[in-house]
Amino acid sequence: MAPKLQQTKEAKAAAAASNSKGKKKKWSKGKMKEKVNNAVLFDKAAYDKLLAEVPKYKMITPSVLADRLRINGSLARAAIVDLASQGVIRVVSRSGHQQIYTRSTNVD
């Protein structure tokens with residue numbers, strides 16, 4: 001075997017500075033939740049769906065309405081109050097944190 005060529009001090013320093021292990025690990029930004037674009041006012045289609053389908057749901061909460069009708073939470077709460085005043089839904093449990101309603105049946 002031929003003898004190895006000796007590197008100069010500058011060459012050794014450059015090799016050490018370039019770091020033979022590769023690039024530094026880059027951290028991921030984490031998983032981002034997809035932002036939903038919920039409506040803040042009712043359009044005609046969403047309001048018709050509210051009047052037609054929501055009184056048939058077994059469990060009616062603001063989060064259920066926000067998810068199914070793509071409306072924001074404050075609009076869902078206002079819609080629930082409106083439906084309850086019309087008498088098409090009735091209260092099951094109501095607290096400051098969660099309001100649960102159900103379809104209105106003739107058994108009260």
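## Aromatic pair

F42 is partly exposed in this predicted model. Its relative accessible area is 26%. Y47 is also partly exposed, at 31%.

The count of aromatic pairs comes to 1. F42 and Y47 form that pair, and the arrangement is edge-to-face. A pair of aromatic rings is described by the distance of the centres and the angle of the planes. For F42 and Y47, the centres lie 5.6 Å apart. The planes make an angle of 65 degrees. Edge-to-face requires over 60 degrees, so the 65 degrees between F42 and Y47 qualifies.

## Helix α3

Helix α3 runs over residues 62-69. Its buried residues are P62, V64, L65, A66 and L69.

## Charge over a ring

R68 places its charged end over the ring of Y57. The distance to the ring centre is 4.3 Å.

Most residues other than glycine have a negative phi. R70 is a residue other than glycine, yet its phi is positive.

Is R70 buried, exposed or partly exposed? R70 has 47% relative accessibility, so it counts as partly exposed. The exposed class starts over 50%.

How values were computed. Residues are numbered from 1 along each chain as its sequence is written. This is a predicted model: local features need pLDDT of at least 70, side-chain atom pairs count only at pLDDT 80 or more; totals for chains, interfaces and linings use all residues. Side-chain values use heavy atoms; hydrogens and water are left out. Buried means under 20% relative accessible area, exposed over 50%, partly exposed in between (1.4 Å probe, protein chains only). Helices (H or I, at least four residues) and strands (E, at least two) are DSSP runs, numbered from the N terminus. Rings of Phe, Tyr and Trp (its six-membered ring) pair if their centres lie within 6.5 Å; planes under 30 degrees apart count as stacked, over 60 as edge-to-face and the rest as tilted. A charge sits over a ring if NZ of Lys or CZ of Arg is within 6 Å of the ring centre and within 35 degrees of the ring normal.
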